[in-house]
Amino acid sequence: MEEHIRICLVSFQFWPRVGGTEVQTEKQARQLQAHGHNVIVVTLRHDKCLRRSETLDGLPIVRVGGIYKRGGMLRLGRFGHLPIDIGMFFKLWRLRHDYDVIHVFQISPLAAVAALVGKLAHKPVIISIQSTGPTETQRTRIEQTGMLMADTLTDQSFLKIDFMDWASASGDITYLPQSSFGGHAILNFLRKSDVCYQILSSRGRSYLTSRGFRTEQVVRIPNGIDTTKFQPVPELRPDPMKPERDVICVARMEYAKGVDVLLHAWGRMMRASSEWHANLKPRLLLVGEGIFMPQMQRIAVELGIQDSVEFLGLRTDVIDLLQRSWGFVLPSRWEGMPNALLEAMACGLPCVATRVSGSEDIISDGTNGLLVEPEQPAEMALALRRIIEDTDLSQQLGREGRATVIRDYQLATVVEQCLELYRCLLTKGQNVLPFALEGRGIGE
């Protein structure tokens, strides 16, 4: 019988705070448990009312706190991470006899803490790179304008955004020095450390190596999903003979996700000649919350599309919503490997996504989905119109999309690749590992 591995998963946030990274962390934890391995999740205690430790449906969760604001929320920001890092160090050190390997789901000060503990305790450490951040052109434009997309809007007063509101979600590396005290030192320590870096997409390798990280420490293992949960249900699929055409977007209301761009694209599509949708009822469903929710709602009103756009907020029935929708759209400005896109494709939906890291690996334009350039609302409007009005195309894209996920992005396959990585690190030592998997990862 295979020896059990004890794995410590470190995530910046976890249930009840959820996003793509947190969902992937839990899915991976559950799958590892199903394989008979021991898993513990260490995360932050974002709200003082949360327990310091608990078991969630058999999954042990340990939370690390810091300094709290008057309302009981954890103080983050440039200096707020210092007491958190100290608490994380002592927590991981005290738990060192309970795990064999540490897997961190984001580059951050917490990753540096994990790398230090791993070095002192002689434990292998893997750090997942969750995003490749903005391109140089995007970064320059954001820093110059500091605004959500205006496109055709004349009133732009409500579109201004604060640097930290978008930089904190811009990427795992680029803005760490600005967003965290000692960020340069943290990055230098990580570059010199012996940790292994898991990239999710083909673009991730150059993203790391161009910033001074060593290519021999980089392994590509993408995200995966449970295709038995995310699957088409024929009786729930919209009837092509009926006019309803619900297009769903599952994304946080953050700058990186580009929901403002999507709203402009939807407005352009709905303002175009009404002949193409005279007998159709297109509707955009937006699932997710975030700091820019008020601005997104204001954009919809300013564009006059509020009657065909629904802000659904956070939902617990995302699978059901996907299975009942006509199509899916993900308008990201940048990504790593979008779970939401994989889930929609697994449900058999025709998908429109931007040509960014991860999405460009998953979708072959015109075969299993449609790709458009990021921040191009006119181009996105045309792609949305294609999947809405062309039933044959939408059905073809849906079939091919699910086939792609089943072939390349099954959760069980991805977790087995992670286990192979853990075994190799534990057997041969983290200094020599990643080349052992070179050529074996998806897309390598």
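## Second largest pocket

Helix 8 is the top contributor to the lining of the second largest pocket, with three residues. Helix 8 spans 203-209, and helix 4 (136-145) also supplies at least two lining residues. Helices here are DSSP runs of H or I, at least four residues long, and strands are E runs of at least two, numbered from the N terminus. This is a predicted model: local features need pLDDT of at least 70, side-chain atom pairs count only at pLDDT 80 or more, and totals for chains, interfaces and linings use all residues. Residues are numbered from 1 along each chain as its sequence is written, and side-chain values use heavy atoms, without hydrogens and water.

The pocket has a volume of about 250 Å³. A pocket is an open set of points on a 1 Å grid over the protein atoms alone, where a 1.4 Å probe fits, with protein on both sides within 12 Å along at least five of seven lines; lining residues have an atom within 4 Å of a point. The volume is the space filled by probe spheres set on the points. The lining holds 20 residues, and Gly 133, Pro 134, Thr 135, Gln 138 and Arg 203 lie nearest the centre. By class, eight are charged, seven polar and five nonpolar. Asp, Glu, Lys and Arg count as charged; Ala, Val, Leu, Ile, Met, Phe, Trp, Tyr, Cys and Pro as nonpolar; the others, Gly among them, as polar.

## Aromatic pairs

The structure holds four aromatic pairs. Rings of Phe, Tyr and Trp (its six-membered ring) pair if their centres lie within 6.5 Å; planes over 60 degrees apart count as edge-to-face, under 30 as stacked, the rest as tilted. Phe 89 and Phe 90 have ring centres 5.5 Å apart and planes at 85 degrees, so they pair edge-to-face. Phe 89, Phe 90 and Trp 93 form one aromatic cluster.

Tyr 197 and Phe 213 are also edge-to-face, with centres 5.1 Å apart and planes at 80 degrees. This pair links distant parts of the chain, 16 residues apart: Tyr 197 is in strand 7, and Phe 213 is in the loop between helix 8 and strand 8. Both are buried (under 20% relative accessible area; exposed is over 50%, partly exposed in between; 1.4 Å probe, protein chains only).

## Charges over rings

Arg 245 lies over the face of Trp 326, at 3.8 Å from the ring centre. Arg 333 has its charged end over the ring of Tyr 255, 3.8 Å from the centre. The rule asks for NZ of Lys or CZ of Arg within 6 Å of the ring centre and within 35 degrees of the ring normal.
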